[in-house]
Amino acid sequence: YNEFEDLDIIKNKAIEYLEKKEQKKKKDIDDFEFKLRTKLEDELKSRNSMFKTYFENKISVNSINHILQKEFKENISISFDIKEAYFENIDKLVFFPPFIRIKINDLELEDKLYIHYNEAKLKLISIAIYFAIAKKYEDEKGFNLLVLDDFITSLDMSNRKLIVQYILKDFKDYQKIILTHNIQ
């Protein structure tokens, strides 16, 4: 009878038992992480869909393009390319929010609009977006306020004239506050 053999057998059994227990714990953690990842992905898919619907309902591309083409006499149209929110590394749960990219004439220019269009053209687009949003949220009770702060700096006189005509026509019932350093 060798008591060291018994100790080895007990030690091996204990190691085997602990390894099985560790494998089960790892499997349980992997199962939990998989379920969590699936739940997060499903929730994110739902949230992305809700965000896209909300954004499209709040900002009318048709109104913006109408202002650009009919009021500002520009031969461009815009659309929005919404990149959905996502998790890049599920282990660390690094979240990237949705990203909204403006496309001009449906061209894929990534984030390089300023390379293909001058500052004035981009300024007209931003002003058209602002005006479309302002018109969408007009107050039915008649309290409408339009505040513009140095918004025509990068525009030439012909564009300024079109914008002023548009403001006077479409925002005639608004109180208007226009701040500028431009004497004209």
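## Asparagine 159 and its surroundings

Asparagine 159 touches Glu74 and Leu124, leaving aside residues up to four places away in sequence. This description refers to a predicted model. The asparagine lies in helix 5, which spans residues 157-170.

## The largest nonpolar core

The largest nonpolar core comprises 31 residues. Those with the most contacts inside this core are Ile64, Leu68, Phe72, Ile78, Phe131, Ile163 and Ile167. At least two core residues come from each of helix 2 (61-71), strand 1 (78-83), helix 4 (119-136), strand 5 (145-149) and helix 5. Helix 4 gives the most, with eight residues.

Isoleucine 64, one of the residues with the most contacts inside the core, touches Ile59, Ile78, Phe80, Ala128, Ile129 and Ala132, again not counting residues up to four places away in sequence.

## Helix 2 and its cover

Within helix 2, the residues Ile64, Asn65, Ile67, Leu68 and Glu71 are buried. Strand 1, helix 4 and helix 5 are included in what covers the buried residues of this helix.

Just after helix 2, lysine 73 adopts a positive phi of about 55 degrees.

Notes: Residues are numbered from 1 along each chain as its sequence is written. This is a predicted model: local features need pLDDT of at least 70, side-chain atom pairs count only at pLDDT 80 or more; totals for chains, interfaces and linings use all residues. Side-chain values use heavy atoms; hydrogens and water are left out. Helices (H or I, at least four residues) and strands (E, at least two) are DSSP runs, numbered from the N terminus. Contact means heavy atoms within 4.5 Å. A nonpolar core is a set of buried Ala, Val, Leu, Ile, Met, Phe, Trp, Tyr and Cys residues joined through side-chain atoms within 4.5 Å. Buried means under 20% relative accessible area, exposed over 50%, partly exposed in between (1.4 Å probe, protein chains only).
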